[in-house]
Amino acid sequence: MESIRNAYLNQSPLRPELASKILGEFKRVKTYETSFLFAVDIVSSLTTTELQLLRLLLDGKSRREICALRHVEMSTVKTQINHILKKFGKKSVEEVTAMISSLNLYDLIYNRRNI
């Protein structure tokens, strides 16, 4: 009877510890969804060149290796990396690659525009 009354009064019949854990999980999922959508939006706005560069960075290539593979100067690679960092609002390549990896967007990068 008390459970019915509590439900009618919109009171949680859950213990506070359990209710707190459930709330925490909802917040975590919401944060993940927001981050995921944010990252997908950015990835979809990257140019083909930026996607190719991001793919090489995700593969663990150094700036020097990227220069050799793409036959460009270091200043070009640095400029392109800065554009990527600015779009993601991050300060380092490691932050961007960690974000892509944590959100499992690696395949999206590889399949985007058939690069």
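A: **The core and its surroundings**

Read along the sequence, the protein chain follows the pattern α-α-α-α-α-α-α, that is, seven helices and zero strands. Helices (H or I, at least four residues) and strands (E, at least two) are DSSP runs, numbered from the N terminus. The model is a predicted one, in which local features need pLDDT of at least 70, side-chain atom pairs count only at pLDDT 80 or more, and totals for chains, interfaces and linings use all residues. Residues are numbered from 1 along each chain as its sequence is written, and side-chain values use heavy atoms, with hydrogens and water left out.

Of the 115 residues of the protein chain, 27% count as buried; buried means under 20% relative accessible area, exposed over 50%, and partly exposed in between (1.4 Å probe, protein chains only). A nonpolar core is a set of buried Ala, Val, Leu, Ile, Met, Phe, Trp, Tyr and Cys residues joined through side-chain atoms within 4.5 Å. The largest such core has 24 residues, and Leu53, Leu54, Ile81, Phe88, Val96, Ile100 and Ile109 have the most contacts inside it. At least two core residues come from each of helix 2 (16-45), helix 3 (48-58), helix 4 (63-70), helix 5 (74-88) and helix 6 (93-102). Helix 3 supplies the largest share, six residues.

Leaving aside residues up to four places away in sequence, valine 96 touches Leu54, Ile84, Leu85, Phe88 and Lys90, where contact means heavy atoms within 4.5 Å. Glycine 89 lies in the loop between helix 5 and helix 6. Glycine 89 counts as exposed because its relative accessibility is 63%.
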